[in-house]
Amino acid sequence: MVALAILRIAKLKSFGNLGASEAHTARLQETPNADPTQENIRLIGNADDPPLEEMVKAKIASATKHKPRKDAVLCSEIFLSASPEYFRPNDISKAGEWDEDLMWSFAHASTKWLQKNYADKCVRLELHLDEATPHIHAYVVPINDKTNQLSHKAMFGGDGRSASIKLSQLQDSYAEALAPLGISRGVKGSKANYTKVREYYQAVNSEPLSLELDRFAPQPRETAKQLLERIKADLAIETINHQLADRSRIIEQERRASQKAIASEKLRQQLEQRVLELETEISQLQQQVRQLSNLPLEDVAWHLGLDQDISSYRLWKGQEHIIDIDGSKWCDLSTNSQKTGDGAVALVKHINGCNFREAIAWLNDQFGEEGMQRAVTHYARQQAQNVVQDEPAPQFVPPVPDKSNWHLVHDYLTKKRRLPTELVQELYQRGLVYADNQQNTVFLLKNLNGETKGALLQGITEDNNTDFGYATGTKRNQGWFYLQWGGQPTDEIQKVVLLKSPLDVLSYAMLEVERHQGVPGGVPQQRIMYMTVDSPKSLPVELLHDIPDVVCAYNNDAAGDATARAVRELLPQATRMRPKAQDWHEEWLTRLRWQEKERQQPQQQQQRQQRELEL
């Protein structure tokens, strides 16, 4: 039987997973199916090396520019081996035994292949000799050389088809490295290696085996001694004995593996729980030592949904308010207010229309306990402790949908804003856009987990694309209006386009759809996200710093340029893109007008020809 190469890859997404894997491969815990009399060999690394977690952290710190994303793969574990036929060609049933020269040829060829493909990214390599068949565990830190960032996807492929293609290519490469040893690649796409043991032996011991046994029935006038000698001389019975011996061995290995899996899962849960406890302790210590000065009213105004007026940096506008901020004092200059105040609490009460206790709870939720305490007077600090304990953290409540007004909003979006009816209806059915009882268009803002964090309101009589306000309670730095397009739904985001408003998001997306019409497939291969980020303060830097392509597609004006510059300071990979018109919605309308003009030209020409014939 031909010996086959074996290669498998596992993702280690947390240091808890990494520790559990090391505990097994370095034999730091009891391993039931391992022979304690056999010694494993570390082919890369030394016995006195630091823990694997420290080695991986050091490698990440030395090779990457940014802190890894929370969902990043920290380390990739590669399992390498060959089928038993290679290690014990004379008798594969003798588990735990192998030809020493063949084993070392395999180990040297595998090590050379790993070093060629991953160089110093491979931080540890363990050769296991204490189980049934020699095999290798390699730990590779998946650093993308182009971006100097962690990317298991770039090295081994993402989910679905890309991962399957990458894995197939790796198996080809590994099999080619082992080919001089007489080891071949298995059939591409074959599922034979994953057939369950019980299913295999059910097939082995079914009717074909029964037919074989019929061959050994006593022949006429044959004595018992003659029958026994005839059976012993038949090679078929020896093969059957080997099958039965292998069956008993594999069943026992399966039982031990099950026990080992249960123990490993318990250890993993314990380690993950400990990691969470340590992270909580660190967070508490950081909060205790962090010194906050009195809250700047500009920050409070921004969180309240106001935006700074470019013409006068003291003015903050939004929600029909015009707030003039002078140090800790503020004044509402809007015609229906003319109210003044001092401090963050009074400003929150005025904008949110809430009482003192609710304002304290809001500040605590937005800025944390220490920030809240420094924002109030000494007398208010004493009250705040009781308020925070009794007053629950405010939760955003979306504006109530009013179905009776939907036809007005629908007409506004499809007739005045000229967005496709199919797109508007799809957004409405998904609950992302609807009408409230004030005949406003409501665009819900969600985080990337789909949780609603706020809403943008746009009146149906507004002519300006940027004339919108934030619903009360919106957390501007936690939610965005966004769409995703291209690639596969399960693909990781490769490109993010940042835009000023929801209408810009929808208009830019439709321009992209038109641009891809006529292109084979009609859809870009990469996964793209279009999202509203109208201020650098609401930019999700942690989510975007590993995205290779970030586009600042803000308005074609000084404010858009200023926002783009601020974003590029936080995300160096970001690029600037301007519409030819004032904004992308106007660009979309211009595109529609041009198409209509193109359609009308043949009709006008036909009418002229008709008039000439009549003359």
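Analyst: Helix 12 and helix 13 are roughly perpendicular to each other, a term that covers angles of 65 to 115 degrees (under 35 is roughly parallel, over 145 roughly antiparallel, and the rest oblique). Their axes cross at roughly 105 degrees and come within 9 Å. Axes here are lines fitted to C-alpha atoms, for helices over the stretch in contact, and angles run from 0 to 180 degrees between N-to-C directions. The model is predicted: local features need pLDDT of at least 70, side-chain atom pairs count only at pLDDT 80 or more, and totals for chains, interfaces and linings use all residues. Residues are numbered from 1 along each chain as its sequence is written, and side-chain values use heavy atoms, with hydrogens and water left out.

User: Which residues make the contact of helix 12 with helix 13?

Analyst: Helix 12 (residues 344–352) and helix 13 (residues 356–367) are DSSP runs, numbered from the N terminus (H or I, at least four residues, for helices; E, at least two, for strands). Ala344, Val345, Val348, Lys349 and Asn352 of helix 12 meet Phe356, Ala359, Ile360, Trp362 and Leu363 of helix 13, where contact means heavy atoms within 4.5 Å. By class the contact has 8 nonpolar, 1 polar and 1 charged residues. Ala, Val, Leu, Ile, Met, Phe, Trp, Tyr, Cys and Pro count as nonpolar, Asp, Glu, Lys and Arg as charged, and the others, Gly among them, as polar.

User: What makes helix 1 oblique to helix 2?

Analyst: Helix 1 (residues 15–25) and helix 2 (residues 52–63) pack at about 135 degrees, with their axes 9 Å apart. That angle makes helix 1 oblique to helix 2. Phe15, Leu18 and Glu22 of helix 1 touch Leu52, Glu53, Val56 and Lys57 of helix 2. This contact has 4 nonpolar, no polar and 3 charged residues.

User: Why does Val300 count as buried?

Analyst: Val300 has 0% relative accessibility, so it counts as buried. The cut-offs are under 20% relative accessible area for buried, over 50% for exposed, and partly exposed in between (1.4 Å probe, protein chains only). Val300 is found in helix 11 (residues 297–303). Leaving aside neighbours within four places in sequence, Val300 is in contact with Leu295, Ala344, Leu347, Val348, Trp362 and Phe367. Across the protein, 41% of the 615 residues count as buried.

User: How do you know whether Ala119 and Glu320 are exposed or partly exposed?

Analyst: Ala119 has a relative accessible area of 45%, so it is partly exposed. Glu320 is exposed because its relative accessible area is 69%. Ala119 is found in the loop between helix 4 (100–118) and strand 4 (122–128), and has a positive phi of about 50 degrees although it is not a glycine. Glu320 is found in the loop between strand 10 (312–318) and strand 11 (321–326). Glu320 is not a glycine either, yet has a positive phi of about 65 degrees.

User: What makes a set of residues a nonpolar core?

Analyst: The set must be buried Ala, Val, Leu, Ile, Met, Phe, Trp, Tyr and Cys residues joined through side-chain atoms within 4.5 Å. The largest such core has 37 residues, of which Leu413 and Tyr530 touch the most other members. Helix 18 (residues 502–516) gives the largest share of this core, 7 residues. Apart from this core lies another, of 31 residues, including Ala107, Met155, Leu170 and Ile183.
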